Amino acid sequence: MAKPSKAPAKRGRAGSTFPKVGSGELLTLLDFVRFAVSRFIEAKLAFAHGTTDPVAEAAFLVCETLHLHPDQFEAFATARVTVAEGKKILDLIERRVTTRKPAAYLVNKIYMRGLPFYVDERTIVPRSFIGELLDSHFGGDDEQGGSLIDDPLSVESVLDLCTGSGCLAILASRNFPNAAIDAVDISRDALEVAARNVGDYGLEHRLALHRGDLFKPLGDKRYDLIITNPPYVDAEGMAALPRECRAEPKLAFDGGADGLDIVRRILDEAKAHLTPQGGLLCEIGRGRQQLEDAYPQLPLLWLDTEDSDGEVFWIGAADL
């Protein structure tokens, strides 16, 4: 009688075999991070959802499994993991490889500026550069690279267009403590996620969510500051989105043929919703040249961050 063959090894959708790990082979947080990094590189995963490389993503998943803030990883890097914890970590690593879902969806969490936010498949995973710019260019501190608003305490009204999960609106509430904040999105699903985050931070009294198409649900209201991270991926980019991004709502990416369909509407309509001393802060990805060609008369101020060059612009109401 022929000896029965072993069951085939479990394979992920990418076609690679996920290796079995023996008991005691991985002990510390660093061991699990190294293992995860090797698997992520082997599977050729894409990283564009709050972490920019396999090491950061591996550390994020390990910390989330162990209920640690990412900032605590270094303190516990050489600590040993229990058998039960190790199984949970390995399961999460395998799911990241085999499903190709963004890590944030697997743990229902993302961090922006060190703060945790709930996310799921109903909304895009937030990774805007605007959060950093709110700290670096809107704190009234010229030494940080030139403050665009002299006194954050003087800002009384803020609008976040295309708010998604509400993260930028919530961050703005911290930067501008005297401001009433409106946040708008066309997606009912996204606003359900945003409402959860608003509730988690106890901001129901300051932050109002509106469903609608850009400025339409706001009437004639005006704001001291408008921030927006709208859909800006062009047709070529949409066709080339990695599998991780294709797990996110298409509506949150698609900016039309050249990526500027929504951005043009915002620029054309923003002046009517800004106070005389107000301004617009807008992220557009890599569409700078197309935008400057389309609006050569506008004195757009391009702002850089630690990980971006010229992907966000500022323009004052008087220049629109």
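Which residues in H1 meet which residues in H2? The legends below start with that pair of helices. Please keep in mind that this is a predicted model.

**View 1. Helix H1 packs against helix H2.**
Begin with H1, which covers residues 29–43, and H2, which covers residues 54–65. On the H1 side you will find Leu29, Phe32, Val33, Ala36, Val37, Phe40 and Ile41. They meet Pro54, Val55, Glu57, Ala58, Ala59, Leu61 and Val62 in H2. Sorted by class, this contact has 13 nonpolar residues, no polar ones and 1 charged one. As a handy rule, an α-helix has 3.6 residues a turn, so residues three or four places apart point the same way.

**View 2. The crossing of H1 and H2 is right-handed.**
Two packed helices are described by the angle between their axes and the distance between the axes. For H1 and H2, the angle is about 130° and the axes are 8 Å apart. That angle makes H1 oblique to H2.

**View 3. Helix H2 also crosses helix H4.**
H4 runs over residues 83–99, and its axis comes within 9 Å of the axis of H2. The two cross at roughly 135°, and they are therefore oblique to each other. This crossing, too, is right-handed. From H2, the contact is made by Glu57, Leu61, Val62 and Thr65. From H4, look for Glu85, Lys88, Ile89, Leu92 and Arg96. The residues of this contact divide into 4 nonpolar, 1 polar and 4 charged.

**View 4. Helix H7 is largely enclosed by the rest of the structure.**
Take a look at residues 167–175, which form H7. Why is this helix described as largely enclosed? The reason is that 8 of its 9 residues are buried. The buried ones are Cys167, Leu168, Ala169, Ile170, Leu171, Ala172, Ser173 and Asn175.

**View 5. The structure holds 0 disulfides.**
A disulfide needs two cysteine sulfur atoms within 2.5 Å. For Cys63, the closest cysteine sulfur belongs to Cys167 and lies 19 Å away, which is too far for a bond. Cys162 has its closest cysteine sulfur in Cys282, at 8.5 Å, and that is also too far for a bond. Are these two cysteines buried or partly exposed? Cys63 counts as buried because its relative accessibility is 0%. Cys162 counts as partly exposed, with a relative accessibility of 22%.

Definitions and conventions
Residues numbered from 1 in each chain as written. Predicted model: local features only at pLDDT ≥ 70, side-chain atom pairs only at ≥ 80, totals over all residues. Heavy atoms only, no water. Buried < 20%, exposed > 50% of the residue type's maximum accessible area, 1.4 Å probe, protein only. Axes fitted to C-alpha atoms, helices over the stretch in contact; angles between N-to-C directions. Helix = DSSP H or I, 4+ residues; strand = E, 2+ residues; numbered from the N terminus. Parallel < 35°, antiparallel > 145°, perpendicular 65-115°, else oblique. Left-handed = near helix turned anticlockwise from the far one by under 90°. Contact = heavy atoms within 4.5 Å. Nonpolar A, V, L, I, M, F, W, Y, C, P; charged D, E, K, R; others polar.
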